[in-house]
Amino acid sequence: MDVTFTAEQDALRAAVRDLLADRCGIDHVRDVMESETGADLDLYRRLVEVGAAELPGALELGIVLEECGRAVAPTPAVSALGIAVPALEAAGADELLAAARGGEAIPVMALDPDHVVEGHVATHLLFVEGGELIAAEAAQCEIAPLATMDLTRRMARVRRNGGSAVGDAVAALRAVERTGTVAVSHELVGVGQIALERGLAHAKGREQFGKPIGTYQAVSHRLVDSFIAVECARSLAYYAAWAIDADTPDADLAASQAKASAAEGAVLAARHVLQVHGGIGMTWEADLHLFLKRAHSGAALLGTASQHRRRIADLIGV
Amino acid sequence: MDFRDSPQEAEFRGEVRAWLREHLPAGWLDSPDPRPTDPKEGEKLRRWWQRELFEGGWAGLAWPKEYGGRGATLVEQVIFNEEAARARAPEPINIIGLYMAGPTIIHWGTEEQKRRYLQPLLSGEEIWCQGFSEPGAGSDLAAVRTRAVREGDHYIVNGQKVWTSYGHLARWCILVTRTDPDAAQHAGLTYLLADMEDPGVTVRPLVQITGDPEFNEVFFDDARVPAENILGQEGDGWKVAMTTLMHERGTMSFGLQVMSRVTLDQLTELVRKLGRDQDPAVRETLAGFQLDVEALRVTNMRALSKLMKGAPGPEGSMSKLVWERVQQRMGEYAIELLGADGQLTEDGLGDGRWQYLYLRGRGHSIEAGTTEILKNIIAERVLGLPRSR
């Protein structure tokens, strides 16, 4: 047993973290939030350039997306790199996969055509029809952007008028269910982490009754609860990514565990940290709502915590 | 990253399993709950089991060979604890000795002390208890008032300790005393090894809410402790006590997650017996327990990996908090599911097992650091928040 990262994995994390520190500070996220699409496709391409579309396994994908979550990066990384690329790979859709890996194509899955995450910035939309994975170019679709709570990860309603079969839908769905679910979980871990870090900074600096508010246990214990929730989610996300890469018999269970825990952990941390900020936490100009909204948009993606709990009950044979 | 046993670890695990199978009483592994409920029976069994462990060379597994241990790695110790918990093996009777007094003596003791105390500690011939808490010093350990005054080559001890598990069985007590009432709170403490057979020591059992007499009050009235029975130097008591607590909260916790796994399996079985396994609310609740039990297992593995590489991370500090919460909630949920039957301790489902689990569970968030104290420790030492006092 050795549950630590390799030097290569540490280097990958550092490369993504450096890129995001350089290109995706919170002011930039806010600028993109106010933009027409809410997505920074240049930053997305930079992620592709550091190899984020061609990673050796689910664990490396998790490392990249955890960092993206920690930066609340407004890119289609989760939808395209975390969900669609593994689906294309599993389906054997080599041509589109190559285009996605080169950064020319930004594919997203249209699993629920009424709620297609990042559907408005995708170049290709992937549909499951019968046993086939159908790819349609954006120009072959009617795409209606939707108003979303999370302005840094939006959705669209999509109807396709053309497109063609590119591979096996069963394999694609299986990849979504496993790798995709765990990818979303990792992003949520990152969101919970940044929320916690902001909460700690505030609790150390903000004074009331003549002392930093982190002195008070009612405040500090909320932050400890957030820390525990995020660390539990992190553990289950790492385990699930490893289980997928090692193809263990409990990989499906591990994926659902990761998602249920990450959804709850990120939302809990974001809520606690907003509370710890008091009134400022309710303002548009403070960043707390970005974390809370991203936590919810991740929590709703590929199955809610409650849906995954029901799946866990099935899988453990209750 | 690999969560599986290495070939050597797998071999060691196999060895442990084979030994347990061979040495546990006949039928033990097939019984749904083999541990006796009668405290006297339990004590007898646990004394016997400690002896078995000692003779098999499993007591003090990770201790240095020169002191009767095996010099096993930390991961081997964890594997042993996991397998023992999975087999629901009895707890060795000298749990305070094995996990707290022993490691502290190995760390702080003189060669003479190690030779005197460690062997009978491992064999269970001499049982140990812990004299830390007092009526006026619970979470605030540095407030202890039990006085030790040096007179010639003895310390004369006066005061009272409380919540002393195994005090009624123990020969020795790891005792935190105040030797210098004028020094700063943490500086005036001294750590002694006190003989419980001294005529100045009186033990009064306290019956717990489970009905078991697991812990005691211990009174010291001019009890005499030879000066050579000091661990560390006079005034080192706080530092030595921290070594003890580090061990209490450290290595011991690695077996706890398996206890939770066993409880969850039993709870799942109960749900089936009650015909509630298709109830969506019940299923979601059990899935929630599964999340906590698995998070605990994996978090422990992360912590252990970092420890083995010499870089302890923050993960270890939260294990006990996650464990006590899930263990308590499972007990609470069983009582809730059982309804009126949950009030019956003999004729109900489980013969009182669930009531015991529930009641004993209330203590999990109090013993070895209350929830609140452990959260303070994480807030201050892991998260870097300002001290709350």
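A: Helices (H or I, at least four residues) and strands (E, at least two) are DSSP runs, numbered from the N terminus. Chain A has 11 helices and nine strands. This is a predicted model, in which local features need pLDDT of at least 70 and side-chain atom pairs count only at pLDDT 80 or more, while totals for chains, interfaces and linings use all residues. Residues are numbered from 1 along each chain as its sequence is written, and chains are lettered from A and ligands numbered from 1 in the order in which they are written.

Q: What share of the residues in chain A is buried?

A: A residue is buried if 20 or more other C-beta atoms, placed from the backbone, lie within 10 Å of its own, exposed if 12 or fewer, and partly exposed in between. In chain A, 59% of the 318 residues are buried. Helix α7(A) is mostly covered, with 28 of its 37 residues buried.

Q: Where is the kink in α7(A) centred?

A: The bend at a residue is the angle between axes fitted to the seven residues ending there and the seven starting there. In α7(A), a kink of about 30° is centred on V176(A).

Q: How many residues does each chain bring to the contact?

A: Two residues are in contact if their C-beta atoms, placed from the backbone, lie within 7 Å. Chain A brings 36 residues and chain B brings 40. On the side of chain A that touches chain B, α8(A) gives the most, with 14 residues.
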